[in-house]
Structure formats: structure tokens, C-alpha cells
Amino acid sequence: MITVIGFGSFGRKVVNFIKNKEPLTIIDKNIDDADDLVKEGISVIVGDATDEETLKKAKIDKSDIVLILTNEPEVNRKIAEKVCELSPSSYKIARAIPRYPELYMGLNIDKIINILESGAKDIAKEVEDAKLKRKLMQLKSILIEGKKRCMELKNSEKEEKAPLLILTHINPDPDAIASAMALKTIAEKWGVDADIAYGGSIGYDENKAMINLLGIKLLHVEDIDLNDYCVIAVVDTSTSKQLPIEPQNIDIIIDHHNNTDLTAKYMDVRPEVGATASILTQYLMELDIEPSRNLATALFYGIQSDTDYFKRETSKLDFEAAAYLQSYIDASILNMIENPEISTEVMEVLARAIMNRRVVKGNIALSYVGEISNRDALPKAADFLLKMEGISTTFVFGIVGDEIHISARTKDLRLNLGEILNKAFGGGGHQTAAAAKIPLGIFKAVSDKEALRKLVEEAIRAKILEVIGIKEEEK
Ligand SMILES: [Mn+2]
């Protein structure tokens, strides 16, 4: 039971919010509409709450929560004293009165609420939300204007043009794919049709499973004509290096990386957020667009995979977005995406990585897996080797086309793989996971596989060990 003491304008507001949720008793000296309240099932005690008898009549000792809400300091103090005495086990909330900071000194009040401050906090939050609301208005007007331009062109040129092209970065990951889906959904809610296109290839069995299971329609940039679109948006990248097209007029960029060198009319780049999918989920929430099962599952998987299951660079927004998506996702599809069947080729690369491993200093495994066609087998193999007993750092490398690709993983906090692969081969990544690629260069001329293996293995191994600072004789 909740007891509300003080039924002035503020007490009334509070009662309006909490009535119908739990049995309620109201105490005040004057309550004009007592009859109406009783009809609503609320107990009403008309009387002076500083008087013990009134409180006893209200069965204050049985109350679970007591709210002391009058606006008079002395009255609140007196009521608080009596309530503490008569109802020691209840949770007591009292209204703070400005200029009386020590009003409840020495009393066992559980929570003192300053309503001015709460109001100010609400307004501050509104200001924060308003920023996003305004931003989304800007996004909408760019899309709507793009569509208008498209319609005008259509009339003059008789060409079929889709208004919006959404680009992911090259070799798109789940975060990029899910973000593109979400932006397409938002645009379509505004009546603007969109296509999604990517560059490079879709590697990883998980990504392929995601696209197949969720029925995601993706075009390859090579198969489209950029001139067919009026607005170009890029998600999950803001650097020209990762752009699947020549840098040109980009209208919209939504990303969470901090190596931005591109600009656009609409920019929402937040490096503190763990996944672009979280930003797009926030858009959906703000716009009251309920995600479909497939979209929610894609976004959830995007957030999970970019934050490595909330273990790395995860912000409050990522948790909020995931919590929101939770009730919309298809858990069985998510499970199928996360555990796709391993292809024969990947299995073979894993096997080679194990067989060919050279262990240095007892815990660093370096493994050359030869020529492979699926570069995504490398990080899988690097992950896999890391599970071997005693191994805390892995470097797996192989030849993909005209390049040597290197993938590294570590559990050792003293090593920063991102820095190591950057220094050694101009690659990049995180402390625990990194990758690099270098042109095969003069090695290309070596046709003998065994000779090539020796050359590549030696060169890569020597460079890595040099950068880590391990001398040859220590090997
Ligand atoms: Mn991302």
C-alpha cells in the first residue's frame, strides 16, 4: 500500500501517475473531491497528518511506501517525524523544500526529492533528445528533396531512377549490413525507395548466413550505375579507404569510426558508440518505427559482433539499443547465424594452421597456410589457434591473389596487435585482434610452391618477431 500525504497541486499530479497501480491512501486537511477519489478505489483520510490519530486511522504502520508531499517545511518535518515513529519499516520519500536543505536532518527518510531539480533534469533530457530529433528532421528533408529531384529527372529523361543508394564499406560486416537495412527501412517509411550496395566480397560464413537467413537484398557496386541514384548514403564507414566507390558527392554518412576523412551534408559520426547498428536503432526508437523480426535480428547481431558480445568498446547506447531490440529478434535465426556450418575450405585452412604452426617463446604461434581463396578463413584460423593449450598470441598468414594477408589474435594484454601489425605491415585493428595485407611483390615471380612458402614464411615471421622485439636466438 502507498500512502500519499499532502494532496495539493503537486500531490495530485503524483497520484495521477501512480493510481491504478497499487492500493492508495491519501491524507490531507482538505480534499474537495473525496467522493470521486473513493469511487476510483482510493482511500481518503481527511485530517491533519501531523496528528498521530490521523496517521493511525490511515494505517500508516501497514504502508509499504509513504510519500510526504506538502509544500510547507514545518508541516513536512512534523509529518516526517511522526511517520518515522509510527511506520519505521516503510520506504519514506519526502519532498525537499528550497531554502531548507537540512529539513529532514536526523530522520530516517529514504529518499528526498527536489522537484525543481527533477524538472530541470527532464528539460535537460528533452534538449538532448531535441538534438537527435532535429538531426532526423534534416535526414528526412535530404531524402525527400532527393526524391523530388529524382522525379523531375524521371519526367525529363524517362529514366528509371531510385532515389537513394545506401553503401556499406568494402567487404561489409554484419554491423554495416544491418545499418544499411535500417536506413532503408527508415527511408521507405518516408516514402523514399532505396537500394543497398557493397564493394569487395561477403566473406565469413556468419555474414553469408545472415544475408541468406534474413533475406537481405544486396547489390554489388560493379552491377549498378551511380548515376541512377539521386542521394548517396554511406553507413559504417567515413573514410575514403573503405568506400566501395570513388570519393564523390556523398549526402549522408552514419558511422562510429574515428578515422573520418569524408564529408557529407548529413553527418552522424560517433566514435564512442560500439556499433553503427546502435545509432540506427536509436533512430528507429526515436521515430517510433517498429523493426521487423529480420531487421531487429540483423541489428542485434550487428551490435553483438561489432562489440564482440559487449566485451569491447561498448557504450550505454549499445546496451540500450540491444535491450530494445531484444523483444523483436528471432532467437532461432540468430543462433543459426552465429553457428553456421563450417565450409570445407575453412576447415582445411584451420587444419593447415594447426599443422604448420611454429611456436615462439612458448606461447606465440605463427602459421603459414599457403594459398587460399577465402581470406576470411584467416581470422577464423587465428581465433582457432588461440584455443590451443599454452598459446596466447597467434599470427596466421596466407596468400590471397596477389597479396599476403595476415590475421592476428592475442589474449596477452601486454601486446597491442593493432600497433604491431601497423608497424610491421601498415595494417591495423584492436589490441586483441588485428589484420594486415601486403602485396606479394617480387615473390610473385617464384613459381615453386615450396620455395614460395619458405620465402613468405621467413619474411613475415622475421618482421613480426622484429617488431615484437624477439631476437632470433631467443626463438
Ligand atoms: Mn561497425
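Which residues coordinate the manganese ion? That was my opening entry, and I noted beside it that I was looking at a predicted model.

**Entry: the metal site**

I looked up the manganese ion and found Asp-175 (OD), Asp-236 (OD), His-256 (NE2) and Asp-306 (OD) coordinating it, at 2.1 to 2.3 Å. Next I checked how these donor residues are spaced in sequence, and the pattern reads D-x60-D-x19-H-x49-D. Two of them took me to separate places: Asp-175 lies in helix H6 (residues 174-189), while His-256 lies in the loop between strand E11 (252-255) and strand E12 (266-269), so this pair ties together parts that are 81 residues apart in sequence. I also wanted to know how covered they are. Asp-175 counts as buried because its relative accessibility is 0%, and His-256 is buried too, with a relative accessible area of 9%.

**Entry: the disulfide**

I searched for disulfides and found one in the structure. Cys-150 and Cys-230 form it, with their sulfur atoms 2.2 Å apart. I turned the view to look along the bond: the link of Cys-150 and Cys-230 is right-handed, with 100 degrees about S-S. Cys-150 belongs to helix H5 (residues 115-157) and Cys-230 to strand E10 (residues 229-235), so the pair ties together parts that are 80 residues apart in sequence. Are Cys-150 and Cys-230 buried or exposed? I found both of them buried. While I was on cysteines I looked at Cys-84 as well, and it is buried, with a relative accessible area of 17%.

**Entry: helix H13**

How many of the ten residues of helix H13 are buried? I found eight, so I wrote down that H13 (residues 377-386) is mostly covered. Among the buried ones are Ala-377, Leu-378, Pro-379 and Lys-380; Leu-385 and Leu-386 are on the list too. I then asked what they pack against.

**Entry: salt bridges**

A reminder to myself before I started: side chains of opposite charge can pair when their charged atoms come close. My search of the whole structure found 25 salt bridges, and I picked out a few to visit.

The side chains of Asp-251 and Lys-265 meet in one of them, at 3.2 Å from N to O. This pair links distant parts of the chain, with Asp-251 in the loop between E10 and E11 and Lys-265 in the loop between E11 and E12, 14 residues apart. Asp-251 is buried at a relative accessible area of 9%, whereas Lys-265 is exposed at 51%.

I went on to Asp-330, which forms a salt bridge with Arg-293, the closest N and O atoms being 3.6 Å apart. Asp-330 lies in the loop between helix H10 (316-326) and helix H11 (331-338), and Arg-293 in helix H9 (residues 293-306), so the pair ties together parts that are 37 residues apart in sequence. Asp-330 counts as buried, at 17% relative accessibility.

Then I looked at Asp-412 and Arg-414, which form a salt bridge with their closest N and O atoms 3.0 Å apart. Asp-412 is buried, with a relative accessible area of 14%, but Arg-414 is exposed, with 73%.

Notes:
Residues are numbered from 1 along each chain as its sequence is written. This is a predicted model: local features need pLDDT of at least 70, side-chain atom pairs count only at pLDDT 80 or more; totals for chains, interfaces and linings use all residues. Side-chain values use heavy atoms; hydrogens and water are left out. Donors are N, O and S atoms within 2.8 Å of the metal (3.2 Å for Na, K and Ca); water is not among the atoms, so sites may look incomplete. Helices (H or I, at least four residues) and strands (E, at least two) are DSSP runs, numbered from the N terminus. Buried means under 20% relative accessible area, exposed over 50%, partly exposed in between (1.4 Å probe, protein chains only). A disulfide is a pair of cysteine sulfur atoms within 2.5 Å. A salt bridge is a side-chain nitrogen of Lys or Arg within 4 Å of a carboxyl oxygen of Asp or Glu.
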